[in-house]
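Here are my notes on the model you sent over. Have it open beside you and go through the points in order.

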Amino acid sequence: MHEKIRPSLRFEKMRNHREPTTSRTALFPSAAERERWDNLLTRELAGANARVSHGSVTPTLDLASFKHELAGFDFRTPRPLDDLLTWAIAQMEHGLVHVTHPRYFGLSNPAPTFPAQCADRIAAVFNPQLATSATSPAAVEIEAHVIRSVAGRSGFPSESVGHFTTGGSEANYTALICALTASNPRFGTEGARAFDGPPAFYVSRECHLAWVKIAHQVGIGRSAMRMVATDGCGRMDQKVLRDTIATDRARGCVPVMVAATAGTTNAGMIDPLPGCAEIARTFGLWYHVDAAWGGALIASERLRPVLAGIEQADSVTIDAHKWFATTMGCGMFITRHPSALSSAFQVSTSFMPSNVINLDPYVTSVQWSRRFLGLRLFLALAAAGWAGYGEHVERSVELAELLRERLAAHGFATVNQSPVALLCIQPPPGYGDPRSIARRVLASRRAWVTAATFEGNEIIRACVTNGETTADDIAELVGILQACGPETQPSLQDSK
Ligand SMILES: Cc1ncc(COP(=O)(O)O)c(C=O)c1O
């Protein structure tokens, strides 16, 4: 049996002798060791990053042997951190689809800006708790400052409030909770039972399907989501929207919210924002705009007019981790109604150090403990200004236009008219179906696109997401797509 050492004696010994390296000190190494590992990380990451941008966009690791190796981590025998850091970086280098690759024309996860990466590093060191302004006054003020700037830039009134979220889904979830609470203040205590009939909300059938889970989460059920038909161009059909709301009301349902999309996920289309605002107003419903991707257009003086009508919204979702290119897990929810968030999320506790209405994030948002997300957009905006971000989104749009032109010259059609650097592509006759072409592009390892549906048709979806993509990368993608043509199929297969 082990001899028990009194805690007081153990700590006394520790004071007198420098602790030898033990398993526990691996968690909290000395300042000198930390500096060495920080430098190692910086060097190794820079090397991996450079290799990624010239290497395969898709994972190259052998999953079976990786899983075998992973199983060897039984967490009984500690391993040296040097080895672990280089091992972890190598697995990321070979085991991911690289959103930082200049030919990742993918879903809405861009290569992050450098200031955003720096912000993550700073937040990781200080690890501030952003639940309250009492614990993290500077950090809470920085986030509130960024939210006010984004709100102002979106045309919202100065009293608007909001917060950072983990992403667009949480921001949209927040919108529905605010809409339900505004529609019936008893929703907070009684839930869906507070309503005289089943609540309903309205999105287009091209919306992001996180709304399905959101309807489930808030407790009004998935059937509360009405997917309104689109107009043949991927935008919410206003007449169908109006009729659906009127019919629901006549049947005893309780319409609570219209949620328009500014930048649909598959096709980057923008619903008719002023028209949807007017319909929501006519029926007295909360009007939300999901601008998770398209919201970044507010940065460009030239392009922001396509978002006209967003300023009429009761609330808006804009993801910083999409076109604003912060690191992942960073969205924003903003509402023009200063009391909406407190009405929905206010709670009082004896143990939290403060409870400031409209300021303390734990009483104005879904989360309780929270990470310092807003520093990412703060540093990036402060370093580049709105003008820098304006250039970033305009450049993406110009490259998408270049891709459209080059593809057209080779017989590919673009079937959407999106202002947000996203093309829905139909291949020329004889090329096969879009899904198999997308698979073959991935098999080339030289670019990443996906297949999706737009207005019921299969398309190849390509979005310019990376701020470092060049015209050469566009030319290479065109070449890869062309190589999927009937007469060149074997050569692409060879490059697998
Ligand atoms: C329009 C739209 N809304 C919401 C979301 C969900 O956002 P997140 O993945 O950040 O939760 C997305 C994601 O692509 C989106 O495109």
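1. Let's start with a helix pair: α7 and α9 cross in a right-handed way (right-handed if the near helix is turned clockwise from the far one by less than a right angle, left-handed if anticlockwise). Helix α7 covers residues 168–183 and α9 covers 210–218; they pack at about 45 degrees with axes 10 Å apart. Axes here are lines fitted to C-alpha atoms, for helices over the stretch in contact, with angles from 0 to 180 degrees between N-to-C directions. That angle makes α7 oblique to α9 (under 35 degrees counts as roughly parallel, over 145 as roughly antiparallel, 65 to 115 as roughly perpendicular, and the rest as oblique). From α7, Ser169, Asn172, Tyr173, Leu176, Ile177 and Leu180 meet Ala210, Trp211, Ile214, Ala215, Gln217 and Val218 of α9; contact means heavy atoms within 4.5 Å.

2. Some housekeeping before going on. This is a predicted model, where local features need pLDDT of at least 70 and side-chain atom pairs count only at pLDDT 80 or more, while totals for chains, interfaces and linings use all residues. Residues are numbered from 1 along each chain as its sequence is written, and side-chain values use heavy atoms, leaving out hydrogens and water. Helices (H or I, at least four residues) and strands (E, at least two) are DSSP runs numbered from the N terminus.

3. Now the other helix pair. The axes of α5 (residues 114–126) and α13 come within 8 Å and cross at roughly 140 degrees, which makes α5 oblique to α13. This crossing of α5 past α13 is right-handed. On the α5 side you'll find Pro115, Ala116, Ala119, Asp120 and Ile122, meeting Leu375, Arg376, Leu379, Ala380 and Ala383 in α13.

4. A core here is a set of buried Ala, Val, Leu, Ile, Met, Phe, Trp, Tyr and Cys residues joined through side-chain atoms within 4.5 Å; buried means under 20% relative accessible area, exposed over 50%, and partly exposed in between (1.4 Å probe, protein chains only). Leaving aside residues up to four places away in sequence, Val150 touches Ile298, Ile318, Met332, Ile334, Leu377 and Trp386.

5. After α11 comes Gly284, with a positive phi near 70 degrees.

6. On to a sheet. Four strands make an open, antiparallel sheet in the order β8-β9-β11-β10 (strands pair if DSSP finds at least two bridges between them). Since β8 (413–414) and β10 (450–454) each have a single partner strand, they stand at the edges, with one side left without a neighbour in the sheet. Strands β9 (422–426) and β11 (457–463) pair over 4 bridges, and Ile425 stands opposite Ile460 in β11.

7. Which residues would I check by eye? Phe75 is not a glycine, yet has a positive phi of about 60 degrees. Phe75 sits in the loop between α3 (63–71) and α4 (81–94) and is exposed, at 74% relative accessible area. Arg445 also has a positive phi, near 65 degrees. Arg445 lies in the loop between α14 (434–444) and β10, and is partly exposed at 32%.
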